Amino acid sequence: MEQKLVLKAHGKINLGLDVVRRLENGYHEVRMIMQSVELADIVTIKKSAEDNIVIRADQKTIPCDERNLAYKAAKLMKETYGISDGVEIFLEKHIPVAAGMAGGSADCAAVLKGMDELFCLGLTLEELQKTGVKLGADVPYCLMGGCALSEGIGEVLTGLKEPPECVLLLVKPDINVSTKYVYRNLKLETLERHPDIDGMMRDIENGALESLCEKLENVLESVTGKQYPVIGKIEHVMKEEGALQAVMSGSGPTVFGIFKETETARKAMNKIREKGLAREVYISGFFHGKNNP
Ligand code: ATP
């Protein structure tokens, strides 16, 4: 039996993010178009004879204890499936942290899948998603990956066709955004516009990249973008340098720009660096594969 697994945990961006309504339990009903990106954490999971969970990471900023989503995933799998062995997990972080790219949820999904394989549980994707949603609304999507419409609180998923190839520039300005704060300060009643999610799905189906790019929109930008003008500045530079579109992902602060060519994306990246708008910048692309099938 395999004793160690090395998995890729891909980050995501939201091509579209709409909030439909606030639910009584404090959650929000959303309609989002999720897309995996090539940028991924590397998650190594090793079986250990001792009945405990050890988390290590190559970044000091993330908690390596029970607060880590990878820890929570391992604990839940141990409890749910009566696993008495322990696991050692190493997180090689590449996805920017607290960035609106679901880095923690991606690691969490990788651990759920990894433990399923490591302990020969034979769980289906649906079973893993049912466990995963207990740990976070984005986890069921991260287990699936690719392009998907995400509804409900994020757990009702419909797989979509791959959008056309393009070059992505991911830029995370050096600020910390609290997802809770953003949702709490979203003024749903006074929002003047909502993203055309259905139109975006049609464009994806038709492979119409430019038309899709015209529609990219995120309602949470009305909160995060107002609080942090750097987001708008980054978008402005990206568009000036030839991006088809530039939008914030999730609750932010990461901004992604969609380009046709790597060279143009690179020039925009250099401009953003020169202007001192952000240090964490990545050239990436859509990831079309499934997350560790
Ligand atoms: P989302 O897009 O789902 O809102 P995010 O990209 O904004 O997530 P994460 O990178 O998942 O945010 O991290 C948010 C916080 O969660 C971090 O500040 C960190 O303290 C904590 N955290 C827990 N587990 C992890 C993990 N495996 N990787 C990164 N952060 C983690």
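Helices H1 and H2 cross in a right-handed way (right-handed if the near helix is turned clockwise from the far one by less than a right angle, left-handed if anticlockwise). The model is a predicted one, with local features needing pLDDT of at least 70, side-chain atom pairs counting only at pLDDT 80 or more, and totals for chains, interfaces and linings using all residues. Residues are numbered from 1 along each chain as its sequence is written, and side-chain values use heavy atoms, with hydrogens and water left out.

Back to that helix pair. The axes of H1 (residues 69-81) and H2 come within 8 Å and cross at roughly 30°; axes here are lines fitted to C-alpha atoms, for helices over the stretch in contact, and angles run from 0 to 180 degrees between N-to-C directions. H1 and H2 are therefore roughly parallel (angles under 35 degrees count as roughly parallel, over 145 as roughly antiparallel, 65 to 115 as roughly perpendicular and the rest as oblique). On the H1 side, the residues in contact include Leu-69, Ala-73 and Met-77, and H2 answers with residues including Gly-104, Cys-108 and Leu-112; contact means heavy atoms within 4.5 Å. Sorted by class, this contact has nine nonpolar, two polar and two charged residues (Ala, Val, Leu, Ile, Met, Phe, Trp, Tyr, Cys and Pro count as nonpolar, Asp, Glu, Lys and Arg as charged, and the others, Gly among them, as polar). The helix and strand labels come from DSSP runs, numbered from the N terminus, with at least four residues for helices (H or I) and at least two for strands (E).

H2 (residues 103-118) also meets H3 (residues 125-132), their axes coming within 10 Å and crossing at roughly 130°. That angle makes H2 oblique to H3. The crossing of H2 and H3 is right-handed. Leu-112, Lys-113 and Asp-116 of H2 make the contact with Leu-128, Thr-131 and Gly-132 of H3, which gives two nonpolar, two polar and two charged residues.

Next comes the ligand. There are 20 residues around the ligand, and Asn-68, Lys-93, Ala-98, Gly-104 and Asp-107 come nearest (a residue is near if one of its heavy atoms lies within 4 Å). Lys-93 places a polar side-chain atom 2.9 Å from a ligand nitrogen atom. For Asp-107, an N or O atom in the side chain is 2.9 Å from a nitrogen atom of the ligand. Gly-104 takes part through its backbone, with a polar atom 2.8 Å from a ligand oxygen atom.

Elsewhere, Arg-31 sits in strand E2 (residues 28-48). The side chain of Arg-31 makes polar contacts with the side chains of Glu-151, at 3.1 Å, and Asp-198, at 3.0 Å; a polar contact is a pair of N or O atoms within 3.5 Å, where within protein one must be able to donate a hydrogen and the other to accept it, and residues adjacent in sequence count only if both atoms are side-chain atoms. Met-201, in helix H6 (residues 197-206), is in contact with Arg-31, Ile-33, Leu-149 and Leu-160, leaving aside neighbours within four places in sequence. Met-201 and Ile-33 are 168 residues apart in sequence, yet 8.1 Å apart in space, C-alpha to C-alpha.

Ala-102, in the loop between strand E4 (86-92) and H2, has a positive phi of about 60° although it is not a glycine. A cis peptide bond, with omega about 5°, joins Gly-252 and Pro-253.
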